[in-house]
Amino acid sequence: MPLASYILRRILSVIPTLFGVTLISFFLTYMLPGNPALVKAGALATPEHIAEVERQMGLDQPVWVQYGRYVSGLARGDLGESAATGRPVLRDFLQRLPATMELTLASLLLAALVGIPLGVLSAVNRDAAIDHVGRVLGVAGVAMPTFWTGLLAIYVFFYLMQWAPAPLGRLGTGIAPPEAVTGMYVVDSLVAGNWRALGSSLAQLALPAATLAFSVMAPLARMVRATMLEILQSDYVTAAWAAGLPRRRVIYGDALRNAMIPVVTTLGVVFGFLMAGNAVVETVFAWPGMGNYAVTALMMKDSGPIQSFVLFVAVMYVIVNLVVDLVYALVDPRIRLS
Amino acid sequence: MADGALSVPAAVDRSAAARVRLWRRLRRNPVTLGALCVIVVLLLVALFAPWVAPFDPDATDPAYALMGPTWRNLLGTDVYGRDNLSRIIHATRVDMLVPFAATAIALAIGALVGAFAGYWGGWLDQIVMRMVEAMLAFPALVLAMGLTAALGNSIGNIVIVLAITQVPTYVRLIRGEMLRVREMEYAEAARMIGNPTWRIVIVHLLPNCIPPLIVQATLAMGFALLTMAALSFLGLGIRPPDSEWGEMTAEGASQIVTGEWWLFLFPGLAIMITVLAFNLVGDGLRDFLDPRMRGSR
């Protein structure tokens, strides 16, 4: 019963946050310079016509009524229209979502595969060479602008060494995308057994994913290290040592497993970093995802997509944090009892 | 020794002792000292940019276009033959001033809002904290993108945008500190002798919350610079003719495929060094002001 009530309270706690998030994104749209009715009515519209369009769009209503219309529109999946593509923003988004998911998941995987072992090794060999390497990487990693890391990667691996393909999109030229299942080319080409597309999409993905991963790897490794240090000093680890359990078992079995729980709870924060990085990395590598779409739209003074992107990222952030907390509660009985 | 005479010199002694302690700690911590020196040098460069720069940053010279680093142009030249080093030096002004102004504004607003929310508690606190949670759901760069779209990207607006992204962090920090100090005996004493609330909060309590705020603000300087640079890189922040390191990196990016590496490399390096310096000073300050955190990072 306490678990059920915890879950219910945690889900309810999302409501005021989502209210605040939609309020902020509404005001971002509301504050936009220019009259949207004017754009919609066209350059030759008469004042009466403009007034009519304003009435249709609800722009003559008080702010709070407009907010209500905005939220009910969101609930129906109406994110507005993009002036540049002339299509609903939601459709443009869904079309680009797989590209963004592919990049985000690949970099999350890469960051975890490098960051977690690095953090563990730094904690176990405290103040040894690996710890110092980890520290330097950590300090440098957070200070390097993501766009610059991406450009460095392009210069070194594409221009100088010519290991990587041209940083232009998700597939090499002349290669047809695999049959769509998830929309993520790497997964789809695996499913279809299309090795040519698989090779090309992996090669295209490597640099942007590594760039994005590098920006979150350092904080992840530091977090794992701090948690591991704390756990290695705890009583049960001391007891495990005293009982003469093998070193590998104590470190990787007992300590790391318990260290992973707090690390997983920070996944929401890592996700936030990744989404912010996405807009930049997608622009650098011409990756046709949502961030790239939003930035491109903004360049053309088309603000519908950008505000929807801002809202989307925040809502995803709230949901990811909610899911992480709920999973945490299911796994760790201490949460329910407190 | 009379009791009355003791109080004044004791106060003086304490601040002098703190200075000595700070200096000793800095001397034992060459990394923090080095980072502090980098920041001082950057500030001096920003202040005396026209005297430090070897060339006029806007002076074009087709004869020297797209030259790699030479003794004449230490960091090379761009398409118009402008000196890369001089441009980077002049950009230091925007790159130091904008994050600094944003941090100062955010600090002032965040400290006041957080202090009163924490001191009064109740419904005000509830509303403020819900707003803070909602704002923290937006990654700083993403929120900044939305805000610049709404406000436009003049330098003044960039300052406001960067300030807005920072405010929630300070509000949360100060509110937490305030919850702690408002129960202390000296707060009780200040209330008992009939101080008005604003005086208790601003004069008596707020100064005791400042140390963690300074650490946060130092770290925030680096983060604000990164956010501004990313905005400008995307073409949404500082735009030509104003130059800024992120914007310069974007200009240089188009020259990568022809191999002119110095144009994107050096402005980015300037960003990294500056952010690194602020982060290291922030970490050093944290160790000094809050010994509990020592060794945990």
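Arg225(A) is buried, with a relative accessible area of 1%; buried means under 20%, exposed over 50% and partly exposed in between (1.4 Å probe, protein chains only). Its salt-bridge partner is Asp131(A), at 2.9 Å from N to O. A salt bridge here is a side-chain nitrogen of Lys or Arg within 4 Å of a carboxyl oxygen of Asp or Glu.

This is a predicted model: local features need pLDDT of at least 70, side-chain atom pairs count only at pLDDT 80 or more, and totals for chains, interfaces and linings use all residues. Residues are numbered from 1 along each chain as its sequence is written, and side-chain values use heavy atoms, without hydrogens and water.

**Salt bridges in chain A**
- Asp131(A) is also buried, at 0% relative accessible area.
- The whole structure holds 18 salt bridges over all chains.

**Salt bridges in chain B**
- Glu133(B) and Arg130(B) pair at 3.1 Å, N to O.
- Glu133(B) is partly exposed at 35%, and Arg130(B) is partly exposed at 28%.
- Glu177(B) pairs with Arg180(B), with the closest N and O atoms 2.8 Å apart.
- Glu177(B) is buried at 17%, whereas Arg180(B) is partly exposed at 42%.

**Domains of chain A**
- Domain 1 spans 17–75 and domain 2 spans 89–331, with bounds from an automatic or database domain assignment.
- Their contact (heavy atoms within 4.5 Å) takes 10 residues from domain 1 and 7 residues from domain 2.
- The C-alpha centres of the two domains lie 37 Å apart.
- Across the interface of domain 1 and domain 2 the rule finds 0 salt bridges.

Note on methods
Chains lettered and ligands numbered in written order.
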